[in-house]
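Below is a short briefing on one model, written for use beside the sequence and the coordinates. It is grouped by topic.

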Amino acid sequence: AKSAGRNTARFFDPVMQAAAATHAAMAQEIKAGIERNEFVLHYQVQIDARGHCTGAEALVRWNHRVRGLVSPEQFIPLAEETGTILPLGYWVLDSACQQLAAWSRNPATAHWTLAVNVSAAQLAQSGFVDSVKKALLHSQAPATQLKLELTESMLANDMESIITKMMDIKALGVNFSLDDFGTGYSSLSYLKRLPLSQLKIDKSFVRDVLTDPSDAVIARTVVALGHSLGLTVIAEGVETPEQRDALAAMQCDAFQGYFFGRPVPPEALMADRAIQLPS
Ligand code: C2E
Ligand code: CA
Ligand code: CA
Ligand code: CA
């Protein structure tokens, strides 16, 4: 399943391939999916060192009328290649903000933050700052509880303009987390200039943190680096209590992974956490 993410042809069946499915056809399929309301957001909890839920990450899925629930690894690369990540990314941001606004109105979840993944093409768009403003305004979501997840690789080009945009968004109260940290090649001097609040240790280092000493060193180093820059550090892909304990012993601030909960629809998240929805 891992390699499928890179293979964009995989999602489209042989019939479409035989018909020489063009990028335009793929883009059309995604646009139609947005119009038909086929995309949904699932939410995965984030847990602090005391074991309390502090919020969630929104992860998109495609509830395709023929193919059923499709993983983002099957269509995000495609959406990025065809440019449809722009309307799809805005749909994600707007829907996530509406969910965050709903949580903020429920005393049990009023303090929750919501992390939203942003693609390089979205951030590169000239209207990106305005689209964040618009989603916040439209939903009335609390800006300070919105967290945008960027990846290291998207910071490689056009650093100055990215920093300017990040500053403008930060000025709205929105926070930034650097996703998949350790897998890219960020220069440490750049890292210092970005208005980040959080580093996210990639799950590839978490998986063998108990057995591979070099992964343990990397995890420990990311925590120390994050803290020395005044950032919190969250680990993703935590699947066992032993991984959680090892990361907690390294002073990691927060955790996310199957051990605490899989990404689920919002109603299931409330039920799992025994949170009453307002009647
Ligand atoms: P990501 O942002 O690094 O998200 C973490 C992925 O790890 C998610 O896969 C999540 O379901 C999975 N995961 C969570 N806990 C565990 C665990 O304990 N073990 C393991 N092995 N995996 C875990 P998912 O939902 O399939 O998303 C894959 C990727 O698709 C995301 O990686 C992100 O890059 C992209 N993506 C998802 N939603 C969006 C979105 O709304 N916008 C954009 N631009 N990208 C998205
Ligand atoms: Ca993420
Ligand atoms: Ca990640
Ligand atoms: Ca990842």
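## Two calcium ions, one ligand and the surrounding chain

D179 bridges the calcium ion (ligand 2) and the calcium ion (ligand 3), which lie 4.1 Å apart. The model is predicted: local features need pLDDT of at least 70, side-chain atom pairs count only at pLDDT 80 or more, and totals for chains, interfaces and linings use all residues. Residues are numbered from 1 along each chain as its sequence is written, chains are lettered from A and ligands numbered from 1 in the order in which they are written, and side-chain values use heavy atoms, with hydrogens and water left out.

**Calcium ion (ligand 2)**

- E57 (OE), N117 (OD1), E149 (OE) and D179 (OD) coordinate the calcium ion (ligand 2) at 2.1 to 2.3 Å. Donors are N, O and S atoms within 2.8 Å of the metal (3.2 Å for Na, K and Ca); water is not among the atoms, so sites may look incomplete.
- The spacing of the donor residues of the calcium ion (ligand 2) in sequence is E-x59-N-x31-E-x29-D.
- N117 lies in strand β4 (residues 113-117) and D179 in strand β6 (residues 175-181), so this pair ties together parts that are 62 residues apart in sequence. Helices (H or I, at least four residues) and strands (E, at least two) are DSSP runs, numbered from the N terminus.
- N117 is partly exposed, at 29% relative accessibility, whereas D179 is buried, with a relative accessible area of 7%. Buried means under 20% relative accessible area, exposed over 50%, and partly exposed in between (1.4 Å probe, protein chains only).
- K200 is in strand β7 (residues 198-201) and counts as buried, at 0% relative accessibility.

**Calcium ion (ligand 3)**

- The calcium ion (ligand 3) is coordinated by D179 (OD), D180 (OD), E236 (OE) and E236 (OE), at 2.2 to 2.6 Å.
- Along the sequence, the donor residues of the calcium ion (ligand 3) follow the spacing D-D-x55-E.
- Both D179 and E236 are buried.

**Ligand 1**

- There are 21 residues around ligand 1, of which Q44, R61, S119, E239 and Y258 come nearest. A residue counts as near if one of its heavy atoms lies within 4 Å.
- By class, this shell has eight nonpolar, five polar and eight charged residues. Ala, Val, Leu, Ile, Met, Phe, Trp, Tyr, Cys and Pro count as nonpolar, Asp, Glu, Lys and Arg as charged, and the others, Gly among them, as polar.
- β2 (53-64), α3 (72-82) and β6 each supply at least two residues of the shell, and β2 gives the most, with four residues.
- A polar side-chain atom of S119 lies 2.9 Å from a nitrogen atom of ligand 1.
- An oxygen atom of ligand 1 is 3.3 Å from a polar side-chain atom of K203.
- E236, which also coordinates the calcium ion (ligand 3), has a side-chain N or O atom 3.5 Å from an oxygen atom of ligand 1.
- The protein covers 84% of the 800 Å² of accessible area that ligand 1 has on its own. Accessible areas come from the Shrake-Rupley method with a 1.4 Å probe; for residues, only the protein chains shown count as cover.

**Aromatic pairs**

- Rings of Phe, Tyr and Trp (its six-membered ring) pair if their centres lie within 6.5 Å; planes under 30 degrees apart count as stacked, over 60 as edge-to-face and the rest as tilted. By this rule there are eight aromatic pairs.
- The rings of Y43 and W103 have centres 5.3 Å apart and planes at 70°, so the pair is edge-to-face.
- Y43 in strand β1 (residues 39-48) and W103 in helix α4 (residues 85-104) are 60 residues apart.
- Y43 is buried, with a relative accessible area of 3%, and W103 counts as buried at 3% relative accessibility.
- F39, W62, F75 and W91 are linked into a cluster by ring pairs.
- W62 lies in strand β2 and is buried, at 0% relative accessibility. The side chain of W62 makes a polar contact of 2.9 Å with the side chain of E38.

Technical notes:
A polar contact is a pair of N or O atoms within 3.5 Å; within protein, one must be able to donate a hydrogen and the other to accept it, and residues adjacent in sequence count only if both atoms are side-chain atoms.
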